[in-house]
Amino acid sequence: MVSPGIFIPLAEETGLIGGIDEWVLREACREAASWPNPLSIAVNLSPIDFRRGDIPAMILSVLLETGLSPNRLEIEITEGRAD
């Protein structure tokens, strides 16, 4: 097991965090869309994502792809660096 305190900074330093965050968001939305009860989910994204990519477009694309209602998704920003 690797703690988030070690894993996340390493993923951010190596430039892999964007792809990981997008994959996690897509899988979480896909799973939540299949639930019989319309519960909400929260997904953490790295602050680096907000500097390097078009986060609103990525979120919209994932919501359209998975069919999850936008009002069921909460985006949280992981504590960390934004450089």
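User: How much of the protein chain is buried?
Analyst: Buried residues make up 30% of its 83 residues. Buried means under 20% relative accessible area, exposed over 50%, and partly exposed in between, with a 1.4 Å probe and protein chains only.

User: Where does the model come from, and what goes into the values?
Analyst: This is a predicted model: local features need pLDDT of at least 70, side-chain atom pairs count only at pLDDT 80 or more, and totals for chains, interfaces and linings use all residues. Residues are numbered from 1 along each chain as its sequence is written, and side-chain values use heavy atoms, with hydrogens and water left out.

User: Ok, which secondary structure elements are there, and in what order?
Analyst: The protein chain has four helices and two strands, running α-α-β-α-α-β from the N terminus. Helices (H or I, at least four residues) and strands (E, at least two) are DSSP runs, numbered from the N terminus.

User: How compact is the protein chain?
Analyst: Its radius of gyration is 13 Å, close to the 12 Å that the globule rule gives for 83 residues, so the chain is as compact as a globular protein of that length. The radius is taken over C-alpha atoms, and the rule is 2.2 Å times the number of residues to the power 0.38. The C-alpha trace spans about 35 × 30 × 15 Å along its principal axes.

User: Now the largest nonpolar core. Which residues have the most contacts inside it?
Analyst: Leu25, Cys29, Ile41, Ile59, Leu68 and Leu73, in a core of 13 residues. Such a core is a set of buried Ala, Val, Leu, Ile, Met, Phe, Trp, Tyr and Cys residues joined through side-chain atoms within 4.5 Å.

User: Which elements supply at least two residues each?
Analyst: Helix H2 (17–33), strand S1 (41–45) and helix H4 (55–66) do. The largest share, five residues, comes from H4.

User: And what is Leu25 in contact with?
Analyst: Leaving aside neighbours within four places in sequence, Leu25 is in contact with Val43, Met58, Ile59, Val62, Leu73 and Ile75. Contact means heavy atoms within 4.5 Å.

User: What about Ile20, buried or partly exposed?
Analyst: Ile20 counts as partly exposed, at 26% relative accessibility. Ile20 is in helix H2 and touches Phe7 and Ala11, not counting residues up to four places away in sequence.

User: How far is Ile20 from Ile59?
Analyst: Their C-alpha atoms are separated by 14 Å, and the two are 39 residues apart along the chain.
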